[in-house]
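Please look over the model shown below before reading on.

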Amino acid sequence: MIYNNFDVMPLVLSVEDIADTLAIGRNKAYSLVNTGTIKALKIGQHYRIPQDEFIKFVKNGAKSA
């Protein structure tokens, strides 16, 4: 799902959510998570990205990606 506003974004996002929102491929989104560029929790076999970590990335970390 694409989120255009931080206010409507859920507290926890999937890798697919961040890929859609950033308009990047799924592989690139997984790369950002696996390298720690976007901090995520691994629950079972799935990554979950806390909203506050994603917002930090968008505001500060995007330039280093």
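## The loop between α1 and α2

Ala23 lies in the loop between α1 and α2, where helices are DSSP runs of H or I with at least four residues, strands are DSSP runs of E with at least two, and the numbering goes from the N terminus. Although Ala23 is not a glycine, this residue has a positive phi of about 60°, and its place is just after α1. Ala23 counts as exposed because its relative accessibility is 69%; exposed means over 50% relative accessible area, buried under 20%, and partly exposed in between, with a 1.4 Å probe and protein chains only.

This is a predicted model, in which local features need pLDDT of at least 70 and side-chain atom pairs count only at pLDDT 80 or more, while totals for chains, interfaces and linings use all residues. Residues are numbered from 1 along each chain as its sequence is written, and side-chain values use heavy atoms, with hydrogens and water left out.

## How α1 and α2 pack

Helix α1 (residues 15–22) and helix α2 (residues 26–34) pack at an angle of about 115°, and their axes are 9 Å apart. Axes here are lines fitted to C-alpha atoms, for helices over the stretch in contact, and angles between N-to-C directions run from 0 to 180 degrees. In this packing, Val15, Glu16, Ile18 and Ala19 of α1 meet Arg26, Ala29, Tyr30 and Val33 of α2, where contact means heavy atoms within 4.5 Å. By class, the contact of α1 with α2 has six nonpolar, no polar and two charged residues; Ala, Val, Leu, Ile, Met, Phe, Trp, Tyr, Cys and Pro count as nonpolar, Asp, Glu, Lys and Arg as charged, and the others, Gly among them, as polar.

## The buried sides of the helices

In α1, the buried residues are Val15, Asp17, Ile18 and Ala19, and what covers them includes β1, α2, β3 and α3. In α2, Ala29, Leu32 and Val33 are buried. Seen down the axis of α2, these buried residues fall within an arc of 100°, so they line one face of the helix; the arc is that of the directions from the helix axis to the C-beta atoms. The buried residues of α2 pack against α1, β3 and α3, and just after α2, Gly36 takes a positive phi of about 85°.

Helix α3 (residues 51–61) lies across β1 and β3, and runs at about 70° to β3. Its buried residues are Gln51, Glu53, Phe54, Ile55, Phe57 and Gly61, and the buried residues of α3 pack against β1, α1, α2 and β3.

## The sheet and Leu13

Three strands form an open sheet in the order β1-β3-β2, with antiparallel pairing, and the edge strands are β1 and β2 (41–43), each of which pairs on one side only. Two strands pair if DSSP finds at least two bridges between them, and two bridges join β1 to strand β3 (residues 46–50).

Leu13 has its place in strand β1 (residues 12–13), and its bridge partner in β3 is Ile49. With a relative accessible area of 2%, Leu13 is buried. Not counting residues up to four places away in sequence, Leu13 touches Tyr3, Ile18, Tyr47, Arg48, Ile49, Gln51 and Phe54. The C-alpha atoms of Leu13 and Pro50 are separated by 6.3 Å, although these residues are 37 residues apart along the chain.
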